[in-house]
Amino acid sequence: MKPINLSFAACGFLGIYHLGAASALCKHGGKLLKDVKAFAGASAGSLVASVLLTAPQKIEECNKFTYDFAEEIRRQSFGALTPGYDFMARLRSGVESILPANAHELAHGRLHVSITNSRTGRNCLASSFPSREDLVQVLLASSFLPIYAGLKPVEYKGQKWVDGSFTNSLPILPVGRTVTISPFSGRLDVSPQDKGRLHFYLSVTNQEVLLSVANLVRLNRALFPPSRRTMESLYQRGFDDASRGKNMTQSSPCCRKPFDCEVLRYLE
């Protein structure tokens with residue numbers, strides 16, 4: 001049987017959808033998680049992937065941090081762009097508090113984080129983490145959106161890196177079957193299903209998404225977090241979409257990609 005991998009798409013504050021999906025996988029996909037060979041992600045997706053791999057018992061703590069972080073952003077006059085607001089320092093504080101002391105050991109060779117070299121514009125899937133600080137720096141680099149999150153790219157191994165979404169927003173690993181998860185509607189294993197008669201798709205740095213008004217709204221919410229109530233509904237949507245994976249025996253009439261039998265047999 002092919003190895004199973006999980007990949008979480010870049011999505012900013014829509015990462016709360018990923019946390020809902022991760023909760024569903026913990027509840028309904030225990031057998032799947034046990035046999036997952038590797039976890040991957042870009043930007044917020046890499047943060048959720050790292051938690052699901054190294055500290056799944058802290059998903060609820062991640063929810064609280066995300067809600068609080070979003071509320072803090074909403075209080076700023078110009079959101080994350082407010083002069084004097086240190087987006088990356090706040091993100092680091094959350095990463096530091098949630099990742100366990102041995103997170104780098106658990107993630108080494110199994111977590112693949114998409115980052116973009118700021119000088120060459122080339123993508124790198126970082127998967128080697130000699131120390132916890134290395135892991136933290138890679139996760140921060142994958143989430144660094146220039147100007148929005150600050151002006152200085154994250155330094156890692158003597159080079160400067162920015163958000164992985166610029167070059168690979170949804171890593172597909174070369175070996176095995178990669179199960180894809182995204183809060184944007186598209187040809188993905190777990191994602192919202194937008195209804196409509198016409199379906200046009202855009203390939204956005206390795207993620208095939210539906211061209212729709214709903215996805216444009218989601219993009220805005222990724223950068224400018226909506227209300228707590230809306231974010232809670234996004235969390236529930238992620239939970240429900242991932243839970244419905246066990247019923248995906250064929251493609252939906254809209255856009256969802258089907259789970260194959262090798263994945264379906266894991267879902268309880």
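Helices (H or I, at least four residues) and strands (E, at least two) are DSSP runs, numbered from the N terminus. The structure shown is a predicted model, in which local features need pLDDT of at least 70 and side-chain atom pairs count only at pLDDT 80 or more, whereas totals for chains, interfaces and linings use all residues. Residues are numbered from 1 along each chain as its sequence is written, and side-chain values use heavy atoms, with hydrogens and water left out.

**Figure 1. Overview of the protein.** The secondary structure of the protein comprises 10 helices and 9 strands. Of its 268 residues, 56% count as buried; a residue is buried under 20% relative accessible area, exposed over 50% and partly exposed in between, with a 1.4 Å probe and protein chains only. Contact means heavy atoms within 4.5 Å. Among the contacts with a separation of 6 or more, 70% join residues 24 or more positions apart.

**Figure 2. Asn63 in helix α4.** Asn63 belongs to helix α4, which covers residues 59–75. Is Asn63 buried or exposed? Asn63 is buried, because its relative accessible area is 2%. When neighbours within four places in sequence are left aside, Asn63 is in contact with Ile16, Leu19 and Tyr235.

**Figure 3. The crossing of helices α4 and α9.** Two packed helices are described by the angle between their axes and the distance between the axes. Here the axes of α4 and α9 (residues 228–243) come within 10 Å and cross at roughly 145°. Axes are lines fitted to C-alpha atoms, for helices over the stretch in contact, and angles run from 0 to 180 degrees between N-to-C directions. The crossing of α4 and α9 is right-handed; a crossing is left-handed if the near helix is turned anticlockwise from the far one by less than a right angle, and right-handed if clockwise. Helix α4 contributes Asn63, Thr66, Tyr67, Ala70 and Arg74 to the contact, and α9 contributes Arg228, Met231, Glu232 and Tyr235. These residues of the contact divide into 4 nonpolar, 2 polar and 3 charged, where Ala, Val, Leu, Ile, Met, Phe, Trp, Tyr, Cys and Pro count as nonpolar, Asp, Glu, Lys and Arg as charged, and the others, Gly among them, as polar.

Figure 4. Pro225 lies in the loop between α8 and α9. Pro225 counts as buried because its relative accessibility is 8%. Not counting residues up to four places away in sequence, Pro225 touches Phe13, Ala70, Ile73, Arg74 and Met231. Pro225 and Thr66 are 159 residues apart along the chain, and their C-alpha atoms are separated by 9.9 Å.

**Figure 5. The largest pocket.** The volume of the largest pocket is about 980 Å³. On a 1 Å grid over the protein atoms alone, a pocket is an open set of points with protein on both sides within 12 Å along at least five of seven lines, and lining residues have an atom within 4 Å of a point. Grid points are joined across faces, edges and corners, and a volume is the space filled by probe spheres set on the points. Which of the 46 lining residues are the closest to the centre of the largest pocket? They are Ala10, Cys11, Gly12, Ser43 and Ala44. The elements that each supply at least two lining residues include α1 (15–28), α3 (44–54), α5 (87–98) and α8 (213–223). The lining divides into 32 nonpolar, 13 polar and 1 charged.

Figure 6. Ser43 has a positive phi of about 55° although it is not a glycine, and its place is in the loop between β2 (36–42) and α3. With 8% relative accessibility, Ser43 counts as buried. Lys157, also a residue other than glycine, has a positive phi near 55° and is found in the loop between β5 (154–156) and β6 (159–163). Lys157 is exposed, because its relative accessible area is 59%.

**Figure 7. Arg122 in a loop between strands.** Arg122 is placed in the loop between β3 (111–117) and β4 (123–126). Arg122 counts as exposed, since its relative accessibility is 63%. Apart from neighbours within four places in sequence, Arg122 is in contact with Ile115, Thr116, Asn117 and Thr167. Arg122 and Asn168 are 46 residues apart in sequence and 9.5 Å apart in space, C-alpha to C-alpha.

Technical notes:
1 Å grid on protein atoms, 1.4 Å probe; cavity = no way out; pocket = protein on both sides within 12 Å on 5 of 7 lines; lining within 4 Å.
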